[in-house]
Amino acid sequence: MMKWVFSALLIISVIFGALEGKIAAVSEAALKSSVEAVELFLYLIGGMCMWGGLMRVAEKTKLTELTAKLFRPAAKKLFKGLDLNGGAFNAICMNFTANLLGLGNAATPLGLEAMRRLEAEESPGDTASRNMVIFIILNTASVTLLPATAAAIRMKHGSAAPMEILPAVWVTSFLSLAAGLAAAFALDGRGKGGGKDGER
């Protein structure tokens, strides 16, 4: 879908640039944007490596196990029937920790691993199980305590106070997570025929 959107944007830009006699400006903007994209990538990769390294340190020093213990009471209510000592729960906790630090890129492979382990442990079939749905909500509408990636982008573009967005990030992330979970619980059991998790 996105390839068609970007293709349409490109074609429309070229057409209107030609009609307005500004095709040179369109070409210049395309080249400039490409250079800026590479510069932004190089700027962000340092921070991503640092925080990714800290995640590995947290894993080796058992900090993720502490996170798992803190998360366990809520997990019992959110993830029904999930083995809280299993690999899926540990992967979920690591993903949750990465999202708390605003490390979306570090959280992505952890999220994929969590989904693989959930599928192996629950064998939901062709459709996602209830626990998979809950995890997707936690991953995509996660609470972010330290928006490291967003702060790095703001700093790159000259923000004098890149972390001033913290209150807004906290409020919006809590509200989005609450809305997602509320919808999931409200719709729980209303799948095809109101059947069990694996049948929805």
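1. Phe89 touches Ala68, Phe71, Arg72, Ala75, Leu82, Asp83 and Leu84, leaving aside residues up to four places away in sequence. A contact here means heavy atoms within 4.5 Å.

2. This is a predicted model, in which local features need pLDDT of at least 70 and side-chain atom pairs count only at pLDDT 80 or more, while totals for chains, interfaces and linings use all residues. Residues are numbered from 1 along each chain as its sequence is written, and side-chain values use heavy atoms, with hydrogens and water left out.

3. Phe89 is also one of the residues with the most contacts inside the largest nonpolar core, together with Phe71, Phe79 and Ile92. That core has 25 residues. A nonpolar core is a set of buried Ala, Val, Leu, Ile, Met, Phe, Trp, Tyr and Cys residues joined through side-chain atoms within 4.5 Å; buried means under 20% relative accessible area with a 1.4 Å probe, protein chains only.

4. Two or more residues of this core come from each of α3 (63–78), α4 (87–100), α5 (104–122), α6 (130–140) and α8 (166–187). The most, 7 residues, come from α4. Apart from this core lies another, of 6 residues, including Ala98, Leu103, Ala107 and Leu110.

5. The protein chain has 8 helices and 0 strands. Helices (H or I, at least four residues) and strands (E, at least two) are DSSP runs, numbered from the N terminus.

6. Of the 200 residues in the protein chain, 31% are buried. Among contacts between residues at least 6 apart in sequence, 62% join residues at least 24 apart.

Key: Buried < 20%, exposed > 50% of the residue type's maximum accessible area, 1.4 Å probe, protein only.
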